Amino acid sequence: MSVIGRIHSFESCGTVDGPGIRFIVFMQGCLMRCKYCHNRDTWDLDDGREVTVEEIMKEVVTYRHFINASGGGVTASGGEAMLQPEFVRDFFRAAKAEGIHTCLDTNGYIRKHTDVVDEVLDATDLVMLDLKQMNDDIHKDLIGVSNRRTLDFARYLHQRGQKTWIRYVVVPGYTDDEESAHRLGEFIRDMDNIEKVEMLPYHQLGAHKWEALGYEYELKDVSPPKKETMEALKAILEGYGHKVVY
């Protein structure tokens, strides 16, 4: 019997969620409460629509030529993809059976490590992991939950030798200071499974979704980080031995 997944939407020709042109499935539901979230409408676990892997793959294969020619693939994003690991596992297995690269875009908030987590990772060519803030007090304020589970997952990816990109959102007043960059650099210094660190400058592109849903967007007075800030943090992180881009 086919596993049913609950998705928010999909994007057929994405270019920012992994290498090449990608078919991105945005899974519904998330347990983090990031103040800067640009997909606020994906939080509700019961919203979205139900689909089967077969239905998604019918869409994916129509773009296979463009995907493969660009060195792209499929990406499971969100929301949080690992809230529906059985669906992601079967989706990735189906994609790999078609010779398509798979990428897991996750916040690493794994509530319980079960066999299905490993089954997902076994079918995953690349993990993009958000490390939002190493200071747990700041993390709780900005994200709404502790960073402990995410850091444990990062360590596990290193243990497995899982090819990983780290994503770090630079939010003025929360993650744009040198101490935060040094703490991140120290944490990932010896993780040789990490191919690069992507620094993502904070933006307000999703603020209208909060307002449309009737919620206050707390960071409305926060401006994107300056180029000088991005360069300074990039230099710090590069000092710990990893490629850094933004």
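**Exercise 1.** State which residue forms a salt bridge with Asp 141, and where the two partners lie.

*Solution.* Step 1: Asp 141 pairs with Lys 35, their closest N and O atoms being 2.9 Å apart; a salt bridge requires a side-chain nitrogen of Lys or Arg within 4 Å of a carboxyl oxygen of Asp or Glu. Step 2: Asp 141 lies in helix α5 (residues 136–143) and Lys 35 in the loop between β2 (22–27) and β3 (49–52), so the pair ties together parts 106 residues apart in sequence. Helices (H or I, at least four residues) and strands (E, at least two) are DSSP runs, numbered from the N terminus. Step 3: Lys 35 is buried, with a relative accessible area of 12%, whereas Asp 141 is partly exposed at 43%. Buried means under 20% relative accessible area, exposed over 50%, and partly exposed in between (1.4 Å probe, protein chains only).

The model is predicted: local features need pLDDT of at least 70, side-chain atom pairs count only at pLDDT 80 or more, and totals for chains, interfaces and linings use all residues. Residues are numbered from 1 along each chain as its sequence is written, and side-chain values use heavy atoms, leaving out hydrogens and water.

**Exercise 2.** Determine which parts of the chain are linked by Asp 41 and Lys 209.

*Solution.* Step 1: The side chains of Asp 41 and Lys 209 form a salt bridge (3.7 Å, N to O). Step 2: Asp 41 belongs to the loop between β2 and β3, and Lys 209 to helix α8 (residues 207–212), 168 residues apart. Step 3: Asp 41 is partly exposed at 23% relative accessibility, and Lys 209 is partly exposed at 22%.
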